[in-house]
Amino acid sequence: MAQTQQIGQNRRIGQSDRAERIDRIDRIGQELGEFQAVDPVVDRMRALRSAWHPTDGVAVFNRVYLTVTEEIGHAIEAGGFADRRAAATLDVRFAERYLAAVDSLTTGRPAPACWRPLFHSRRHPGVRPLQFALAGINAHIGHDLALAVVDACRILECEPADLEDEFDRVGDILVLLEERIREELMPGPDLLEIADPLTHLLGCWSLDRARDGAWLAARSLWQLRGLSELAEEFTERLDRSVGLVGRMLLTPLTRP
């Protein structure tokens with residue numbers, strides 16, 4: 001009997017905690033203006049699209065990411081997320097990580113290591129557009145997404161598990177858009193042969209694996225939040241390892 005009462009008490013506590021979290025998310029959502037919170041970051045990416053030459057490697061990724069962000073915004077507006085306010089918070093914090101990295105180009109601050117390969121190779125004539133797009137996706141998913149989950153959890157005062165549905169839904173959209181990106185930027189079937197180095201390079205990277213790694217990194221960072229030195233070291237190592245993959249993805253495949 002005592003055990004049954006304890007279970008019931010734990011369930012009531014859990015329900016109460018979740019109700020409090022939902023109430024906090026509702027308050028944050030009102031401040032964000034629900035899905036409209038995505039609009040400012042979309043506007044900034046559109047401005048970047050207008051400012052950069054279309055062949056610029058960062059511009060190639062920006063076009064891809066703008067499409068992703070617009071798609072997520074439409075999904076939030078259409079009710080594609082169970083909690084659209086939490087989804088908007090995660091999406092905005094995610095985009096702001098990329099925009100902060102871009103700002104480093106004009107302010108002279110060092111960019112995160114994961115973004116440096118793309119920034120340094122953005123005008124290399126031997127790198128193909130698909131490589132630029134995938135290198136940006138690698139940096140943004142492998143590094144920025146994990147940190148954005150932690151950012152959102154702090155803002156919403158919740159645990160990563162409370163954002164898992166939003167994380168998975170965003171990931172599903174990214175996978176669909178990656179397929180579209182490959183179709184649009186991939187050379188035609190008559191040009192892409194089995195022996196083409198791009199074929200081998202594409203087989204060495206997976207968005208699904210990058211997304212799984214980001215979720216594990218986010219949960220790990222959340223557990224380390226009270227250990228600032230260890231959390232900082234973990235973040236730095238994550239940044240460098242994602243940057244290493246980015247350099248591989250940007251291997252020049254054609255002669256200048």
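Visitor: What are the ground rules here?
Guide: The model is predicted: local features need pLDDT of at least 70, side-chain atom pairs count only at pLDDT 80 or more, and totals for chains, interfaces and linings use all residues. Residues are numbered from 1 along each chain as its sequence is written, and side-chain values use heavy atoms, with hydrogens and water left out.

Visitor: Rings, then. How many aromatic pairs does the count come to?
Guide: Eight. Rings of Phe, Tyr and Trp (its six-membered ring) pair if their centres lie within 6.5 Å; planes under 30 degrees apart count as stacked, over 60 as edge-to-face and the rest as tilted.

Visitor: Why is the pair of Tyr-65 and Phe-94 edge-to-face?
Guide: Because the planes stand at 75°, with the ring centres 5.9 Å apart. Helices here are DSSP runs (H or I, at least four residues), numbered from the N terminus.

Visitor: Are Tyr-65 and Phe-94 buried or exposed?
Guide: Both are buried. Buried means under 20% relative accessible area, exposed over 50%, partly exposed in between (1.4 Å probe, protein chains only).

Visitor: And Tyr-98 with Trp-115, how are the planes set?
Guide: That pair is tilted, at 45° between the planes and 5.5 Å centre to centre. Tyr-98 lies in helix H4 and Trp-115 in the loop between H4 and helix H5 (116-121), so the pair ties together parts 17 residues apart in sequence. Tyr-98 and Trp-115 are both buried.

Visitor: Which residues form the aromatic cluster?
Guide: Phe-61, Tyr-65, Phe-94, Tyr-98, Trp-115 and Phe-119 form one cluster.

Visitor: Where do charges sit over rings?
Guide: Arg-122 lies over the face of Trp-52, 5.3 Å from the ring centre. Arg-169 has its charged end over the ring of Phe-81, 5.7 Å from the centre. The rule: NZ of Lys or CZ of Arg within 6 Å of the ring centre and within 35 degrees of the ring normal.

Visitor: What else does Phe-81 touch?
Guide: Beyond its neighbours within four places in sequence, Phe-81 is in contact (heavy atoms within 4.5 Å) with residues including Ile-72, Ala-87, Val-170 and Ile-173. Phe-81 is also listed among the residues with the most contacts inside the largest nonpolar core.

Visitor: How many residues has that core?
Guide: It has 78. A nonpolar core is a set of buried Ala, Val, Leu, Ile, Met, Phe, Trp, Tyr and Cys residues joined through side-chain atoms within 4.5 Å. Helix H6 (residues 129-156) gives the largest share, 17 residues.

Visitor: Pick one from H6. What does Ala-135 touch?
Guide: Ala-135 lies in H6 and counts as buried at 3% relative accessibility. Leaving out residues up to four places away in sequence, Ala-135 touches Gly-246, Leu-249 and Leu-250. Its C-alpha is 8.9 Å from that of Gly-243, 108 residues apart along the chain.

Visitor: Back to H3. How far does it reach?
Guide: H3 has 21 residues and reaches 31 Å from first C-alpha to last, close to the expected 30 Å. The expected span is 1.5 Å times one less than the number of residues. H3 is mostly covered, with 15 of its 21 residues buried.

Visitor: What caps its N-terminal end?
Guide: Asp-56 does, with a side-chain oxygen 2.7 Å from the backbone nitrogen of Val-58. Just after H3, Gly-79 takes a positive phi of about 85°.

Visitor: New topic: Val-242. Where is it?
Guide: Val-242 is in helix H10 (residues 228-249), and buried at 7% relative accessible area. Its contacts beyond four places in sequence are Cys-114, Asn-138, Ala-139, Gly-142 and His-143. The C-alpha atoms of Val-242 and Trp-115 are separated by 8.7 Å.

Visitor: Last one: Arg-211, buried or exposed?
Guide: Buried, at 14% relative accessible area. Arg-211 lies in helix H9 (residues 207-223). Its side chain reaches the backbone oxygen of Gly-171 at 3.2 Å. Leaving aside neighbours within four places in sequence, Arg-211 is also in contact with Ile-141, Phe-167, Asp-168, Asp-172 and Val-175, among others.

Key. Helices (H or I, at least four residues) and strands (E, at least two) are DSSP runs, numbered from the N terminus. A polar contact is a pair of N or O atoms within 3.5 Å; within protein, one must be able to donate a hydrogen and the other to accept it, and residues adjacent in sequence count only if both atoms are side-chain atoms.
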